[in-house]
Amino acid sequence: MDIDKDIRAPITTADNYMNDEFVPPSTNEYMSVYSPTDSTNEIGKVAVSGCEDVNQAVECASEAFASWSSLTMKSRAAIMLKFHSLIKAHADELSDLIVLENGKNKTEALADVAKGNETVEYACSLPQVAQGKILGVSSGNIFCRDEKRPLGVCVSIVPFNFPFMVPMWTIPIALVLGNTFVLKPSEKVPLTMLRVASLLKEAGLPKGVFNMVNGTKDTVEALIDHPSVSAVTFVGSSPIAKIVSSRCRALHKKCTALGGAKNHLIALPDCDLESASSDIVVSFAGCAGQRCMAASVLLTVEGKNDFEKKHQEKLLQKIIDKASKIQPGTKPGQMGPVIDQISHTRIMNYIDQAQSKHGAKILLDGRTWSSSMGGSWIGPTIILHSSPQDTLMKEEAFGPVLSIYSPKTWNECIQIENGNPFGNAACVYTQNGGKADWFCQRFRASMLGVNIGIPVPREPFSFGGLYGTLSKYGDLDITGDNAIEFFTNRIKITTKWVISDLEEEEEKGEAVSEDEPNAKKQKQETKVVDHANFAGRM
């Protein structure tokens with residue numbers, strides 16, 4: 001195991017952040033934060049906030065809203081542009097914090113920062129892409145236009161798996177659109193956003209525009225219930241996403257709540273062996289499998305002849321070989337631990353059950369990692385199933401575990417993929433465009449890949465699962481153009497300006513000729529009449 005010892009730091013206290021100041025919780029309660037690489041290494045203490053803290057944070061945001069929203073969008077974007085520059089300058093520092101508190105390897109942590117900063121960059125472009133429309137809709141000088149106006153105080157409740165990127169899915173877009181903000185970071189990884197709050201201040205963000213409260217369930221419920229909160233976003237598990245969405249709905253608040261996933265990869269017998277095998281390993285084992293876009297099921301379609309059968313056998317062997325070479329650690333190219341012992345125990349139980357209860361064959365056993373080191377370590381695990389009804393074929397383990405099954409037909413692949421209750425992502429590996437289109441037309445998921453096992457849309461495209469599944473609750477997607485719609489109210493304005501007085505003045509100044517009566521009559525006859533205008537005449 002190779003862990004970067006230089007990133008270890010003294011215990012940091014993660015207080016709340018309000019009006020540009022770090023504030024202890026009114027409860028005087030704190031939770032310990034441990035590094036997942038070593039469960040005995042306490043790296044911080046995070047505030048456990050109560051209703052009083054939530055009220056204070058929301059009040060700060062409410063008071064800042066009038067002045068912040070009155071600025072032009074370009075003025076707000078200029079501050080975000082400075083923030084974007086600061087993130088680039090401090091990327092190494094932020095990535096070290098991510099490695100420390102989340103356990104990602106250094107490369108993954110830097111990617112976390114870079115991907116989050118892409119959304120900041122997109123937010124800087126909003127003055128060019130978020131403008132309203134105007135159109136003449138009727139005779140009589142009648143026009144309609146729409147404006148995107150900010151909602152007010154917005155809240156984001158974020159998970160542990162991407163300490164920087166997921167908060168950036170919402171914060172920069174919401175702020176540039178004129179909203180003020182309260183963030184509830186994951187209590188498991190509070191240190192990264194603690195530093196980011198200081199960088200937002202350094203970028204010139206006014207007091208109260210961005211606030212942060214730490215805590216657990218009570219903090220989340222208080223934020224949702226606060227009457228001054230206009231919109232809530234959530235990313236996390238499906239059961240909690242459903243609760244958050246329902247609670248917001250009962251209060252008639254905007255809500256986007258993204259849940260879990262069970263993402264399927266389908267490998268056809270014509271896929272490129274080298275690129276497909278590498279991509280599959282990265283998809284299921286990258287970030288220790290702790291991402292909602294990670295592959296968890298690989299369906300290798302049975303070959304129809306000896307050549308195709310050997311192709312699929314080679315693919316499976318290449319996947320095993322490449323995954324088996326991954327070493328534990330936080331250096332580039334290595335694989336870090338899962339977040340904590342609770343996650344570790346859950347994943348281990350899934351593997352044990354697949355083997356003992358369902359008789360699945362363990363092709364690569366990552367359980368050996370946990371027996372040889374401390375922390376929440378579990379290595380890449382590959383399991384060959386004999387039935388698509390096995391528990392691990394249907395439920396989300398959220399770890400570096402790949403379940404493999406070999407359907408006989410394409411239709412069986414689709415039946416398995418469509419039959420799972422999630423609807424997040426799916427991918428097909430093939431070198432034939434027609435085959436790829438066939439599967440993409442039939443997948444029951446909203447983010448699809450062709451030869452890309454982590455098909456994450458990038459701005460301006462939005463991110464989110466499929467409505468009607470366990471992957472998505474509430475309104476719209478998160479990030480991209482859907483975020484523009486989510487964080488604003490679309491105001492429609494219809495105008496009519498009377499110009500009859502001007503017409504009279506013009507007529508008075510016209511020269512009178514003997515042909516004028518006939519000219520006026522001809523003008524009236526050729527005038528286009530709007531038979532459904534806004535003057536009330538039909």
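The chain exposes about 23800 Å² (Shrake-Rupley method, 1.4 Å probe), and carbon and sulfur atoms supply 53% of this area. The model is a predicted one, in which local features require pLDDT of at least 70 and side-chain atom pairs count only at pLDDT 80 or more, whereas totals for chains, interfaces and linings use all residues. Residues are numbered from 1 along each chain as its sequence is written, and side-chain values use heavy atoms, with hydrogens and water left out.

Of the 538 residues in the chain, 53% are buried, that is, under 20% relative accessible area, with exposed meaning over 50% and partly exposed in between (1.4 Å probe, protein chains only). The C-alpha trace spans about 105 × 65 × 40 Å along its principal axes. The chain contains 20 helices and 21 strands, taken as DSSP runs (H or I, at least four residues, for helices; E, at least two, for strands) numbered from the N terminus.

The axes of helix 16 (residues 410-419) and helix 17 (residues 433-440) come within 11 Å and cross at roughly 35°; these axes are lines fitted to C-alpha atoms over the stretch in contact, with angles running from 0 to 180 degrees between N-to-C directions. Trp-410, Asn-411, Cys-413 and Ile-414 in helix 16 are in contact (heavy atoms within 4.5 Å) with Lys-435, Trp-438 and Phe-439 in helix 17.

With a disulfide defined as a pair of cysteine sulfur atoms within 2.5 Å, the count of disulfides is zero. Cys-124 is in no disulfide, the nearest cysteine sulfur, that of Cys-154, being 18 Å away. Cys-124 is buried at 17% relative accessible area, while Cys-144 is partly exposed at 27%.
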